[in-house]
Amino acid sequence: MRVNGGCLVVEVPGRHPIRLPLTGEERAAGLILYRLPRETGVVYGVAILDVGGRIMLDSPGARPRHLVEAFAEDAGLTFEYRPYATESEGRANLGTRARGWRTTADAGLPVRGDHSPHEVALRLRPYDEVSGELRPYEGALEGAPRPATTLGWNGGTLVATDPVSGRSLRLAPAALYHYRYERRVFVSGRKKESRFLTGLAVLDADGLVLADLPGGWPAHEVAVFAAGRKLPVRDALTSPSKRVRTTLSRRALGWTRLTGLEVPRMSRAKKTVAVCAGTAGLFAMAYVVTTGGWFVWRGLSALGGTLLDLLDAKWLAVFFAPLLVVLKPVRQVWHTWRIRRGAALGPPGGPYLFVSRGRTLSVRLGPRMVSDDMEIGPDLSCASALMAYRHENLSGLFVMDGEGRPVRHLPGPWPLEDAHRFAARGGLGFEVRALSREEYLDLTGRARDAVP
């Protein structure tokens, strides 16, 4: 489409151009970009309206929203984006035609019926050029579920939405941070393996993280999405993992994380059934082990686990691993007792700190995660002290070396009494500080590694 003199000219392949007047009583006055759900797919299109709101021209096909909006402004047309919720709503709005109504649908485009609306089905892509929305195409970890998180623009404001939790954020970013960093996990016994976590972070002008959005966001689509608002994208997909983790730990005021995933929760009925199944499993295991041996039970457990996977009832696996019913609460009680004695610091699910026999400070991120170990001592790169901090509504913990420089940064709430008890037992110094803005930026930026 282009403006030529007092007319709006629409070029149609293989046909004469369609000319719509921009002056007079039957002039073109508005332009809408619509999106309509149908059983056969999603219909996209552009419609030009007259002064009475009737459709003069209907042109199916997907167009980038920011380009259509810019064209409407240049042509002196009002612009509106209409993402119809239902097909009937779209038919009612798109069926009001002006005299001399035209369509470009017969110019080699697949259509059916009365052409209102036209059936132009497009596959869902990570970046929807019509709505201007960006979404991840896979999970943050390989094999993980795809998050439902979406990003979009409302003028110059970035809107991040998590439909699962119902949360929506309105942000004024200075840059996007496209990241990937390594995690070390135990896969079987003591065998270690690297897993990589990817995502997108929204940064403010100081490089602090306003929002963390884990997920597999495609690099090209992120660049296209950001380029429409001239927003810079910092590519950290190949940066050292320590540097990436440090950047992600530098939280801004109001920091939040949108996962776009459901938190698995077991209903009360399932919990009751699971406890009963675990109790029955204990008796079954005792009987089988005493009559057939331990290897027989292991074989039955493997077979039962496979069957439950096929039936999508993994929560009943407690029958074949009944010790979980006993071990989980015992572990929680044991961990609480260790915290009270100053032998550990942090929740049992991680991240938490403990001191091993070899005078090593270890940070355990979670179950089956390889711990991050640091020697305790007064030397450079050794753990010498803990510093608990508060900066406005942010808090966290620094592990400091012998020269007072941050070795590790662990953002989040850490009980001061527990931290002091842990430091005293481990032979570490301890300090509590209220940080100014400049001190917070300096210390979080100089940390050699962190827990995001």
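## Basis

The model is predicted: local features need pLDDT of at least 70, side-chain atom pairs count only at pLDDT 80 or more, and totals for chains, interfaces and linings use all residues. Residues are numbered from 1 along each chain as its sequence is written, and side-chain values use heavy atoms, leaving out hydrogens and water.

## The sheet

Five strands form an open sheet in the order β26-β23-β24-β25-β27. Pairing is mixed. Strands are DSSP E runs of at least two residues, helices are H or I runs of at least four, and both are numbered from the N terminus. Two strands pair if DSSP finds at least two bridges between them.

β26 (429-434) and β27 (449-450) are the edge strands, each pairing on one side only. β27 pairs with β25 (residues 406-411) in the parallel sense, over two bridges. There, histidine 409 stands opposite alanine 450 of β27.

## Helices across the sheet

Helix α8 (residues 416-426) lies across β23 (385-391) and β26, at about 150° to β26. Helix α9 (residues 437-446) lies across β23, β24 (394-400), β25 and β26. Its angle to β23 is about 135°. Axes are lines fitted to C-alpha atoms, for helices over the stretch in contact (heavy atoms within 4.5 Å). Angles run from 0 to 180 degrees between N-to-C directions.

## Aromatic contacts

There are seven aromatic pairs, counted when ring centres of Phe, Tyr or Trp (its six-membered ring) lie within 6.5 Å. Ring pairs link Tyr177, Tyr179 and Tyr181 into a cluster.

Arginine 97 lies over the face of tryptophan 101, 3.9 Å from the ring centre. Arginine 251 lies over the face of tryptophan 255, at 3.7 Å. The rule asks for NZ of Lys or CZ of Arg within 6 Å of the ring centre and within 35 degrees of the ring normal.

Terms used: Phe/Tyr/Trp six-rings, centres within 6.5 Å; stacked < 30°, edge-to-face > 60°.
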